[in-house]
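This report sets out how selected parts of one chain are arranged. The sequence and the coordinates come first, followed by short sections on individual features.

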Amino acid sequence: MQLTAVGLNHQTAPLSIREKLAFAAAGLPDALRALAAGPAVKEAVILSTCNRTELYCVGDAEHIIRWLADYHRLDIEEIRPYLYTLGCSDTIRHAFRVACGLDSMVLGEPQILGQIKDAVRVAQEQQTMDTWLNALFQKTFAVAKEVRTGTAVGENSVSMAAASVKMTEQIFPSVGDLNVLFIGAGEMIELVATYFAAKTPRLITVANRTLPRAQELCEKLGVNAEPRLLAELPEILHEYDVVVSSTASQLPIVGKGMVERALKQRHHMPVFMLDLAVPRDIEAEVEDLNDVYLYSVDDIANIVQTGRQARQKAAAEAEMMVEQKVAEFVEWQRSRQSVPLIRALRDEGERARRQVLENAMKQLAKGSTPEEVLERLSVQLTNKLLHSPTRTLNKAGTQNQNLVDAVAQIYDLEHPGNG
């Protein structure tokens with residue numbers, strides 16, 4: 001048995017396949033126990049997210065694939081083309097890269113690390129982890145922390161939604177103290193609003209042409225959110241520190257005069273305004289007003305592109321760090337694999353020592369001189385310790401040069417083959 005990983009992700013399989021092989025959180029404990037129950041799998045961790053399903057195991061890869069197909073009641077040949085099967089070193093490398101966000105759909109995203117920690121926690125609770133997977137994931141968490149601390153792989157915004165929040169945080173100390181207004185309730189607004197909701201602002205308002213759609217989005221956000229109608233904008237605009245707009249309107253919805261009146265009511269407290277609509281929802285002249293920070297879709301697109309380039313550069317540095325950490329872990333793993341052999345070698349030496357010592361004590365009891373006993377003890381001990389390597393060399397002869405070289409290296413000897 002060896003360390004292995006079997007899985008699929010957004011790069012190898014479409015959503016229609018990924019959803020068939022996903023594990024529901026509620027069923028994960030039972031699945032882990034079932035996977036680790038047979039003799040072909042000693043340890044197991046299952047990572048299942050919207051973008052990937054991966055089984056990290058100490059076991060037989062083909063058995064794991066068959067189990068995965070059987071568990072989801074699928075034909076094995078139906079899923080095989082979408083799966084990757086990784087050997088020991090590749091499994092280590094893959095775990096490190098996934099935890100660092102280097103294998104994510106959004107390069108450097110931090111959520112995956114928390115998802116891996118949750119998967120490991122469940123495996124620990126179900127007692128499906130032991131020496132190898134414990135060591136792998138402890139090292140994985142350490143590598144992820146070091147990579148994120150030592151590089152900028154997760155620092156720059158690479159999506160409009162993330163960049164929107166980042167820009168707000170550059171103007172205001174805390175999003176949690178702000179009132180945020182979203183104009184429109186389409187897909188882009190929903191995405192940006194989800195990012196803002198994660199920061200738990202004081203109030204979120206969704207203003208839309210129709211109230212039911214605004215209400216639906218407010219319920220999805222699951223925070224202190226309220227729906228309003230677009231017609232109410234002139235009366236409520238002054239209440240908001242952040243305004244994000246994205247509608248399909250062909251004419252501006254927020255004019256310069258409306259914003260001027262809102263600023264007076266706010267006593268000129270600053271407002272961050274983000275217009276993601278094309279054509280614009282907010283009149284371009286609003287940018288000329290003091291205390292207004294207005295950004296267009298092109299402005300934020302430039303920030304996102306710069307962020308992507310910065311992350312790509314940081315990712316190259318992160319990949320180098322990962323390779324170094326993989327080499328370190330593989331070397332540790334190899335040293336651990338030698339421990340049983342070292343223990344057996346020392347046990348054999350101890351048995352030989354005790355045997356010749358007992359013989360020596362018997363000879364002393366019979367009246368032999370210490371000099372005779374010591375001489376005989378040294379000869380017997382030498383013969384016992386050298387018996388196995390001598391016999392091995394005689395059998396190897398010239399047919400197994402690697403074995404001859406190994407014995408020579410172990411005992412630091414010169415032999416004719418090196419001459």
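## Basis of the description

Helices (H or I, at least four residues) and strands (E, at least two) are DSSP runs, numbered from the N terminus. The model is a predicted one, in which local features need pLDDT of at least 70 and side-chain atom pairs count only at pLDDT 80 or more, while totals for chains, interfaces and linings use all residues. Residues are numbered from 1 along each chain as its sequence is written, and side-chain values use heavy atoms, with hydrogens and water left out.

## Domains

The domain assignment divides the chain into domain 1 (2-156), domain 2 (160-304) and domain 3 (340-411), with bounds that come from an automatic or database domain assignment. Between the C-alpha centres of domain 2 and domain 3 there is a separation of 83 Å.

## The four-stranded sheet

Four strands make an open sheet in the order β2-β3-β1-β4, with antiparallel pairing; two strands are taken to pair if DSSP finds at least two bridges between them. Its edge strands are β2 and β4 (84-86), each of which pairs on one side only. From one strand to the next, the twist averages 15 degrees, where axes are lines fitted to C-alpha atoms, for helices over the stretch in contact, and angles run from 0 to 180 degrees between N-to-C directions.

The strands β2 and β3 form a hairpin with three residues between them, and seven bridges join this antiparallel pair. Within the pair, E43 stands opposite V58 in β3, and I46 stands opposite L55 in β3. Helix α6 packs on the sheet, where it touches β2 and β3, and its direction makes about 145 degrees with that of β2; contact here means heavy atoms within 4.5 Å. Helix α7 (residues 131-150) lies across β1 (2-9), β2 and β3, and runs at about 35 degrees to β2. Six of the eight residues of β2 are buried, so this strand is largely enclosed by the rest of the structure; buried means under 20% relative accessible area, exposed over 50%, and partly exposed in between (1.4 Å probe, protein chains only).

## The buried side of α2

In helix α2 (residues 28-37), the residues L28, A31, L32 and L35 are buried. They cover an arc of only 100 degrees around the axis, which puts them on the same side of α2, the arc being that of the directions from the helix axis to the C-beta atoms. An α-helix has 3.6 residues a turn, so residues three or four places apart point the same way. The buried residues of α2 pack against β2 (41-48), β3 (52-59), α3 (61-71) and α6 (111-125).

Strand β8 (residues 242-245) contains S245, which counts as buried because its relative accessibility is 0%. Leaving aside residues up to four places away in sequence, S245 touches I183, I189, L274, D275, L276, A277, D281 and I282.

Which residue lies in the loop between α6 and α7? Q127 is found there, and its phi is near 55 degrees, a positive value in a residue other than glycine; at 73% relative accessibility, Q127 counts as exposed. H267 is placed in the loop between α12 (256-265) and β9 (271-275). The phi of H267 is near 55 degrees, again positive in a residue other than glycine, and H267 counts as exposed at 69% relative accessibility.
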